[in-house]
Amino acid sequence: MRRVASPTVQVRRAVRRLPYLLVKGATKSAAIVALLLLWETAPRLGLVDRTFLPPFGEVARAWWGLAADGQLADNARASLVRSFSGFGLAVAVAVPLGLLIGWYRPVADLLGPLLEVFRNTAALALLPVFVLLLGIGETSKISIVVYACTWPILLNTISAVRNVDPTLLKLAKSMDLSAPRLFQKVILPSSIPVIFTGIRLAGAASILVLVAAEMIGAKAGLGYLINASQYNFAIPQMYAGILTISAIGVVFNQFLVAAERRLSSWRVPAGG
């Protein structure tokens, strides 16, 4: 049976690891701290015009003000609902479709030319088309997010399936595995890392494309907040909205990284 360490032993291990964790945390945050210090000092020393780039302290106070009166939460909620809705729909559509295209050659031959046409068309270039066809409401904004997120997920899924180790496929086929079991036991586990690379790219695209879409005809959202702050020359509030978007992107990416590790925990680390 597996022995469980006593609380005292666990505390001692945590104490021993504390210096390592502190050094690791300081190393990872050094660049961010340096950037914030430069941002704070450069406007105050006159290296840049503080009218257009206020010190970080002013931006932090503006962020706190937006958070205190509820504007930040309301706009962030509107953006997150749109972004996650479009992102979720893209994952639900692109992963199964990518598996089909990557594995079944007739499906690839049928849809390949169509994919080549649309994959090279930027999502923001089609934003006016979405607005004309679907209006300036929620449907057009979620649809443009779906479009932007679909391609990185779809293309990475296709690549993942086509690059599964042929040796594994031969071994699986020699065991007379059925097609569903082959997908479950070989193709999906081998494809997860590359698929999640596309999902992480799509996660970033879901936020960036939405912010641009919210600058056209939206009445709520972080893109609307940034655009309205610019027009009203509320520059600290504008930077506060930008920082909020960056923070959301970092948190969302870390969530996807954790999900990838969870789903691919069977993999042996490269170091052994």
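## Asn75 and its surroundings

Apart from neighbours within four places in sequence, Asn75 is in contact with Ala220, Gly221, Leu222, Tyr224 and Leu225, where contact means heavy atoms within 4.5 Å. The model is predicted: local features need pLDDT of at least 70, side-chain atom pairs count only at pLDDT 80 or more, and totals for chains, interfaces and linings use all residues. Residues are numbered from 1 along each chain as its sequence is written, and side-chain values use heavy atoms, with hydrogens and water left out.

Asn75 belongs to helix H3 (residues 71-103); helices are DSSP runs of H or I with at least four residues, numbered from the N terminus. Asn75 counts as buried because its relative accessibility is 8%; buried means under 20% relative accessible area, exposed over 50%, and partly exposed in between, with a 1.4 Å probe and protein chains only. A polar atom of the Asn75 side chain lies 2.7 Å from the backbone oxygen of Gln71.

The structure holds five salt bridges, each defined as a side-chain nitrogen of Lys or Arg within 4 Å of a carboxyl oxygen of Asp or Glu. Side chains of opposite charge can pair when their charged atoms come close. Arg82 is buried because its relative accessibility is 5%, whereas Glu138, with a relative accessible area of 41%, is partly exposed.

The side chain of Arg82 also forms a salt bridge with that of Glu214, again at 2.7 Å from N to O. Here too the pair links distant parts of the chain: Arg82 is in helix H3 and Glu214 in helix H8 (residues 179-214), 132 residues apart. Glu214 has a relative accessible area of 1% and is therefore buried.

Arg44 forms a salt bridge with Glu40, and the closest N and O atoms are 2.5 Å apart. Both residues lie in helix H1, four residues apart, which is about one turn of the helix. Arg44 counts as partly exposed because its relative accessibility is 43%.

## Ser229 in helix H9

Ser229 is placed in helix H9 (residues 222-231). With 7% relative accessibility, Ser229 counts as buried. The side chain of Ser229 reaches the backbone oxygen of Leu225 at 2.7 Å. Not counting residues up to four places away in sequence, Ser229 touches Ala234, Gln237 and Met238.

## The largest pocket

The largest pocket has a volume of about 190 Å³. On a 1 Å grid over the protein atoms alone, a pocket is an open set of points where a 1.4 Å probe fits, with protein on both sides within 12 Å along at least five of seven lines; lining residues have an atom within 4 Å of a point. Grid points are joined across faces, edges and corners, and the volume is the space filled by probe spheres set on the points.

The lining consists of Ile32, Leu35, Leu36, Phe56, Leu243, Ser246, Ala247 and Val250. Helix H1 (7-44) and helix H10 (235-263) are the elements that give two or more residues to this lining, and H10 gives the most, with four residues. By class, the lining residues divide into seven nonpolar, one polar and no charged; Ala, Val, Leu, Ile, Met, Phe, Trp, Tyr, Cys and Pro count as nonpolar, Asp, Glu, Lys and Arg as charged, and the others, Gly among them, as polar.

Note on methods: A polar contact is a pair of N or O atoms within 3.5 Å; within protein, one must be able to donate a hydrogen and the other to accept it, and residues adjacent in sequence count only if both atoms are side-chain atoms.
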